[in-house]
2 protein chains.
Amino acid sequence: MARIGKRGEFSMGNALVVHGGAPTAVINSSLYGVVEEAKRQKGIGKLYAAIGGSGGILKEEFLDLKTIGEEKLKLLLETPASAIGTSRDALKEDDYKKIVDVIKKYEIRYVFFNGGNGSMDACARIYRTCRENQTDITIIGIPKTMDNDIVITDHAPGFGSAARYMAAVTNEISQDIQALPIHVCIVEAMGRNAGWVTAASALAREAGGGPDLIYLPEIPFDEDAFLRDVKWLYEKKGGVLVVVSEGLRNHEGVSIVPPVMKIGRSVYYGDVGAYLAQMVIQKLGIKARNEKPGLCIRVSMEYQSDVDRKEAVLAGKEAVRAAVSGENGVMVGFRRIPGDEYQIQTVMIPLEEVMMKERSMPRNYINSVGNDVTDDFLEWCRPLIGRPLRRFVSFRGERLLSKE
Amino acid sequence: MARIGKRGEFSMGNALVVHGGAPTAVINSSLYGVVEEAKRQKGIGKLYAAIGGSGGILKEEFLDLKTIGEEKLKLLLETPASAIGTSRDALKEDDYKKIVDVIKKYEIRYVFFNGGNGSMDACARIYRTCRENQTDITIIGIPKTMDNDIVITDHAPGFGSAARYMAAVTNEISQDIQALPIHVCIVEAMGRNAGWVTAASALAREAGGGPDLIYLPEIPFDEDAFLRDVKWLYEKKGGVLVVVSEGLRNHEGVSIVPPVMKIGRSVYYGDVGAYLAQMVIQKLGIKARNEKPGLCIRVSMEYQSDVDRKEAVLAGKEAVRAAVSGENGVMVGFRRIPGDEYQIQTVMIPLEEVMMKERSMPRNYINSVGNDVTDDFLEWCRPLIGRPLRRFVSFRGERLLSKE
């Protein structure tokens, strides 16, 4: 893959890595994988990082990651957010041409674009622009999503840690609700269009806790059924733990909370958890509260999944290996190898097949009445959260002394 | 402390432990301390736990904790909530007499009441009732509060872990805000009347992250100053991280968010964080979001402070030792030993001095304009959160390559 440089000397191709969209708990782990593998590949010269996402390419804000010491690089494995920055810049049509010009200027042969659906769209457009300009630039996507909404791949780095967070924290909260069973608690999870993260809370049951009810954006929210379920459970148990997606919609497909305001492309909704807690207080007269860990779900290093981290590193390394071995215009994906033990293999998925698509939960992962998940989902999700959840002790269920 | 039993044989006095109010991350650690010390004390026979708080005494729902195996007991150190349950039952006047009757019936000589301000009030009333009835029952309080609002003691078990949670999580969130600096993020912390937990977020700065602004319930909230500060910081930095207490009040001492509803003694307010995020969107036209970890702050075992846990165990043990050595009607408190190194000693504080009082942050712990804490606060708080926070890596601040 080495090629002849400007002045005729033998020269290697440089590489560029860029992050797009919201960070996850392991996007830096994929970055670590990219750096480690790029160091091993003799065909790669400099490894540029664009600082601050795709805008960093346009502004030529680059850093050579090969100059960073190993000790510092290793910290990437347990650093949240994006160590090289990221952006949600919407690229304009002529930005793609400009990006290709910058790539050429810096003699970049391999581009690694780490991102979610939106970023894979940008990635595919850069790929197209490169083809139109007949360059020999290689574009490889590395998937990243806490929401798990990227299509075709079995799952993507970032989700396993978000899932672990929800499972572990729901387990912890449920201890509180059981120990002081005085209210209905609504926990709101991220994932506006896909319920994967919300659903993962059900894994808390393996450790003895867990939610009583789960509401997902894939199922139209029925207020009456919700209130009936909550009332019944409250009368039976005292404390009720409900986990809901931030994106719940009604039968008309409209958010159950009205939008607060629109600014540009962004629509601001009130919090679904707060809205439902208020509904429980007002319509049932039962004490209720709401929690919204929000960003905590994607930044928490303490709840990072070891499996997710390992796979994120793998995705980064595989992207580099794929690029060097001649792949182009593809995203690294995971395929689950059938069998009793959890195993994955990486596959290359054409960028055109993933760009701007969104994967929601299949119906067979949700129970028939739409207020919980199925065993099929739990089986699918279980390996992704990594090492077993903490188990807690309770004497509340012990046989009491007989009254004297 | 041994005494003569009903049928004239030599018999030991039994003990009773009960939890009151909301759990903390280390109330079970104090329970562990009580059990361990009670096992060592020859003068203590059975160690009854009241299951489900003070109501468990009235219903005589008891378990002998001395019968529980060591392996299970050790799990208490990393189990959130209350392994023996807790309650917020408001005791009625004649309940105190009934409680004393049950205590006598079970030949209980030592009562350990673990709780916050409200529980110390109940504890003091039981103590008074015992004195009025001329019993030789010993009542000892073990403090517990995530809010740190118990008076006289330097701090109380539960706060250190809540403080660690806020410091660590604020550090993590600030990485996200710096990596994708597109919005104002408002994190809401627990503590309706006292800002200790909110303030602890400032310790994130020691690890390189941290909040830009901190608003506490001790300082009347000034909307104009808030909007001005946020706008200025947003223009300067892009991402702004604000940590606020759930109990912010205006200059009239009234909650800045209107109450949603009242049920019995409980008043329900909307979320301060959501209210302020909405204000930023509407009045400044800047993207904003809000996080409300809520219960997560008091249940998270991953963010539990090792110092807090150690001190919680100590408080439990000291309560038992104090009871056996003849103390009565007191709560275990902590006094900080002056000196460079952090050290505490336990002190016995009369219950009457702590009951139903509330400690808020002193003015010298808050900066002059009221939007941050002071070094005095940081110095006081630092040792309580235990081992150092994680340090993260960022290449965003590295010197970039010069443009070719």
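**Exercise 1. Salt bridges within a chain**

Task: How many salt bridges does the structure hold over all chains, and how far apart in sequence are the parts that Arg128(A) and Glu352(A) tie together?

Solution. 
1. Over all chains of this predicted model, the structure holds 49 salt bridges.
2. In one of them, Arg128(A) pairs with Glu352(A), with the closest N and O atoms 3.0 Å apart. Arg128(A) belongs to helix 5 of chain A and Glu352(A) to helix 12 (residues 351-354) of chain A, so the pair ties together parts that are 224 residues apart in sequence.
3. Arg128(A) is partly exposed, at a relative accessible area of 33%. Glu352(A) is also partly exposed, at 38%.

**Exercise 2. Salt bridges along a helix**

Task: Take the pairs Asp121(A) with Arg125(A) and Glu37(B) with Arg40(B). For each residue, decide: buried, partly exposed or exposed?

Solution. 
1. The cut-offs needed are under 20% relative accessible area for buried and over 50% for exposed, with partly exposed in between.
2. Asp121(A) and Arg125(A) form a salt bridge whose closest N and O atoms are 3.0 Å apart. The two residues are four apart in helix 5 (residues 117-132) of chain A, which means that about one helical turn separates them.
3. Asp121(A) has a relative accessible area of 11%, so it is buried. Arg125(A) has 28%, so it is partly exposed.
4. In chain B, the side chains of Glu37(B) and Arg40(B) meet in a salt bridge at 3.3 Å, N to O. They are three residues apart in helix 1 (residues 27-40) of chain B, so about one helical turn lies between them.
5. Glu37(B) is buried at 2% relative accessible area, whereas Arg40(B) counts as exposed at 59%.
6. In chain A, a network of salt bridges links Glu37(A), Arg40(A), Glu318(A) and Arg321(A).

**Exercise 3. The interface of the two chains**

Task: What area is buried between chain A and chain B, and which element gives the largest share of the side of chain A that touches chain B?

Solution. 
1. In contact across the interface are 84 residues of chain A and 84 residues of chain B.
2. The size of an interface is often given as the accessible area lost when the parts come together. Between chain A and chain B the buried area is about 7,300 Å², and carbon and sulfur atoms give 61% of this area.
3. Eight salt bridges cross the interface of chain A and chain B. Lys72(B) and Glu398(A) meet in a salt bridge at 2.6 Å, N to O.
4. Between chain A and chain B, 31 residue pairs are in polar contact.
5. Elements of chain A that give two or more residues to this side include helix 3 (70-74), helix 6 (159-179), strand 11 (259-263) and helix 9. Helix 6 of chain A gives the largest share, eight residues.

**Exercise 4. Helix 9 of chain A**

Solution. 
1. The buried residues are Val272(A), Gly273(A), Ala274(A), Leu276(A), Ala277(A), Met279(A), Val280(A) and Ile281(A).
2. After helix 9 of chain A comes Gly285(A), with a positive phi near 65°.

**Exercise 5. Buried residues and their contacts**

Task: Which residues have the most contacts inside the largest nonpolar core, and what do Asn114(A) and Leu91(B) touch?

Solution. 
1. The largest nonpolar core has 88 residues, and Ile173(A), Phe377(A), Ile173(B) and Phe377(B) have the most contacts inside it.
2. Beyond four places in sequence, Phe377(A) touches Trp196(A), Ala199(A), Ala200(A), Met361(A) and Tyr365(A).
3. Asn114(A), in strand 6 (residues 108-115) of chain A, is buried at 2% relative accessible area. Among its contacts beyond four places in sequence are Val18(A), His19(A), Ile27(A), Met120(A) and Lys144(A).
4. Leu91(B) sits in the loop between helix 3 (70-74) and helix 4 (93-105) of chain B. At 18% relative accessible area, Leu91(B) is buried.
5. Beyond four places in sequence, Leu91(B) touches Ser54(B), Leu58(B), Tyr96(B), Ile99(B) and Ala122(B).

Key
Residues numbered from 1 in each chain as written. Chains lettered and ligands numbered in written order. Predicted model: local features only at pLDDT ≥ 70, side-chain atom pairs only at ≥ 80, totals over all residues. Heavy atoms only, no water. Core = buried A, V, L, I, M, F, W, Y, C linked by side-chain atoms within 4.5 Å. Buried < 20%, exposed > 50% of the residue type's maximum accessible area, 1.4 Å probe, protein only. Contact = heavy atoms within 4.5 Å. Buried area = accessible area lost by both parts, 1.4 Å probe. Salt bridge = Lys/Arg side-chain N within 4 Å of Asp/Glu carboxyl O. Polar contact = N/O pair within 3.5 Å; in protein donor to acceptor, adjacent residues only side chain to side chain.
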